[in-house]
Amino acid sequence: MLSVLRVHLPSEIPVVGCEITPYVLIKRPDNSVSNEDVVEAAPVGGCYMSYRYRIQTDRKVSICSIHPSKQATLQCIGCLKAKVPPAKSFHCTPKCFSDAWRHHLVLHERASSAVNENGTEEEELFGRFSSGVSGAVNTSSTSNLNNASTPVYPASISERSGGETWFEVGRSRTYTPSADDIGHELKFECLPVDSETRIPVGNSSTVTTARVIPAPSPCPRRMIKVGGADFLGHLDHDSASSGTFKVLSYNILADQYATSELYGYCPSWALAWPYRRQNLLKEIIGYHADIICLQEVQSDHFEEFFSPELDKHGYQALYKKKTIEVYNGNVNRIDGCATFFRRDRFSHVKKYEVEFNKAAQSLTDAVIQPGQKKLALNRLIKDNIALIVVLEEKFSNQGIDNPSQRQLLCVANTHMNVHDHKDVNLWQVHTLLKGLEKIAITADIPMLVCGDFNSVPGSASHALLAMGKVDQLHPDLGVDPLGILRPPNKLNHQLPLVSAYSTFARMVGVGLGLDLQRRKMDPATNEPLFTHCTRDFIGTLDYIFYTADSLTVESLLELLDEDSLRKDTALPSPEWSSDHIALLAEFRCKPRMRR
């Protein structure tokens, strides 16, 4: 006979849109223990496991849209008038409502714009971005709360237990809460059932959750035009029709690194991968990028989630996982770099895979003395990689019959070694750039170099990327135990690379959008004040570089505000599911000239 030993949920707080997959530990008739599903199609010992989800229907409460662990006492009237989803309009205290006031004004304005421009955009806009005015109503004294559509639970399939009413909402092992479930508790039950009589043959095991909360969503980030007059752009505009393309670079924080020890300030439910993956996917899709460069993508998550999910949205995927000489974890969970591109905009021409471990082996064989090779390899081998993809832009009326009109594009996606070994980081950057130089020699091709370089502005690695060389007196060159950076004058390249986000600092125009972004830039380095924000470190590590002789920046995704991120917490947070922020740039190819 089957028996249930233990039932455990990955998170006690269910979130709308995030699938719940309980961990069920089962004891089989032969006394073996398994955590695998035992389904009706494959009964064991004449029994199978029956699963059931119930929702408590007579004790619903409104949940604060900012602090989901707290019950709401106020509701924004302005959100109701603007038809912002009601679940996003609740607050737990007057201070909570006051602190969110500026955000509410943005939501109201954009709700009106969405309705005026296209009524169908409202659901998409607030489904991804809204958070929950001319005033607020006290929910504790209001009997009829406007909390979206109230679900009607038929009495015929409800049951009362201990004076409480529970309604059945699912009969599979997994369940995805909907907006109708917000404010309700869920109960998961599992019990062994005789496969012939369908009669329970053992005691049921149950787990009750906290109340379902809406998925927290940050205020939307807008595109700021930098290629002409200053204005706020829409993320979903069609770049193909304007002759431009958008490139996203984003370190998404691999699940194996997202531990409560490192990120204890982030609620456990928001740190759990089932929530983070859905939140990340919504964010990535919402940027409408033509090319997506992701770092820290676990190999199992690429195969099982990101590749199939982004395929549904028209993206083709390429992936390169890190090497495993240093890595000692589960090889199926090792992370790497994933590059996606829209199939209707580009076709894949060629792929190059850079393994810095192999480059390290070649370097030590060539220049390191035999007695020092082991020491050198221990320092140089870090498992980092780069993925270089050559794409061809698809033209509707030219290109096929006129090969001279082919527009190629080279995109490098990388995650470099952490910056505590500055000599290794600089060597990796130099190695990648020399490889890209070889590609540039063989083809007249625009280039993009994206990724998490683990290099702060002003470092030798950043100088090499942005300036094409490193000052021989740069302090980072003082740590070179292997002598791999000597002579310093060899640290150069000929690619005309420019950091896309430095455009904000270099713009001379005036306007609200540009002025706000300049305040988020470091005037000493012309780079963002931060792209990575945790309790332990805040600074810029991520970049999108482009070849300025062949590409021009048209617009950039606005930067986040440090004060708003660090007021209550850091990254990751319930709103932003990585410790890095996404970078997005829109480019246009310059007219081609004969070299």
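On a 1 Å grid over the protein atoms alone, a pocket is an open set of points with protein on both sides within 12 Å along at least five of seven lines, a cavity is a set of points where a 1.4 Å probe fits but cannot get out, and lining residues are those with an atom within 4 Å of a point. Grid points are joined across faces, edges and corners, and a volume is the space filled by probe spheres set on the points.

The model is predicted, so that local features need pLDDT of at least 70 and side-chain atom pairs count only at pLDDT 80 or more, while totals for chains, interfaces and linings use all residues. Residues are numbered from 1 along each chain as its sequence is written, and side-chain values use heavy atoms, with hydrogens and water left out.

The second largest pocket holds about 730 Å³ of space. It is lined by 32 residues, of which Tyr257, Glu296, His415, Val418 and Asn454 are the closest to its centre. By class (Ala, Val, Leu, Ile, Met, Phe, Trp, Tyr, Cys and Pro count as nonpolar, Asp, Glu, Lys and Arg as charged, and the others, Gly among them, as polar), this lining divides into 12 nonpolar, 12 polar and 8 charged residues.

The largest cavity has a volume of about 130 Å³. Of the 14 residues that line this cavity, Ser11, Ile13, Glu19, Ile20 and Pro274 are the closest to its centre, and the lining comprises 11 nonpolar, 2 polar and 1 charged.

Axes are lines fitted to C-alpha atoms, for helices over the stretch in contact, and angles run from 0 to 180 degrees between N-to-C directions.

| Helix pair | Axis separation | Angle |
|---|---|---|
| H8 (356-367) and H9 (373-380) | within 10 Å | roughly 155° |
| H10 (422-442) and H11 (460-467) | 8 Å | about 20° |
| H6 (273-286) and H7 (299-311) | within 11 Å | roughly 35° |

Angles under 35 degrees count as roughly parallel, over 145 as roughly antiparallel, 65 to 115 as roughly perpendicular and the rest as oblique. H8 and H9 are therefore roughly antiparallel to each other, whereas H10 and H11 are therefore roughly parallel. A crossing is right-handed if the near helix is turned clockwise from the far one by less than a right angle, and left-handed if anticlockwise; H10 passes H11 in a right-handed crossing.

Contact means heavy atoms within 4.5 Å. Between H10 and H11 the contact is made by Asn425, Leu426, Val429, His430 and Leu433 of H10 with Ala460, Ser461, Leu464 and Leu465 of H11, which divide into 6 nonpolar, 3 polar and no charged residues. In H8, Ala360, Gln361, Leu363, Thr364 and Asp365 meet Lys373, Ala376, Leu377 and Leu380 in H9, and these residues divide into 5 nonpolar, 2 polar and 2 charged.

Most residues other than glycine have a negative phi, and most peptide bonds are trans. Glu296, found in strand E15 (residues 291-298), has a positive phi near 60°. A cis peptide bond joins Arg486 and Pro487, with omega about -5°, and Pro487 lies in the loop between H11 and strand E22 (497-499). Another cis peptide bond joins Leu571 and Pro572, with omega about 0°, Pro572 being placed in the loop between helix H14 (562-566) and strand E29 (583-589).

Methods. Helices (H or I, at least four residues) and strands (E, at least two) are DSSP runs, numbered from the N terminus.
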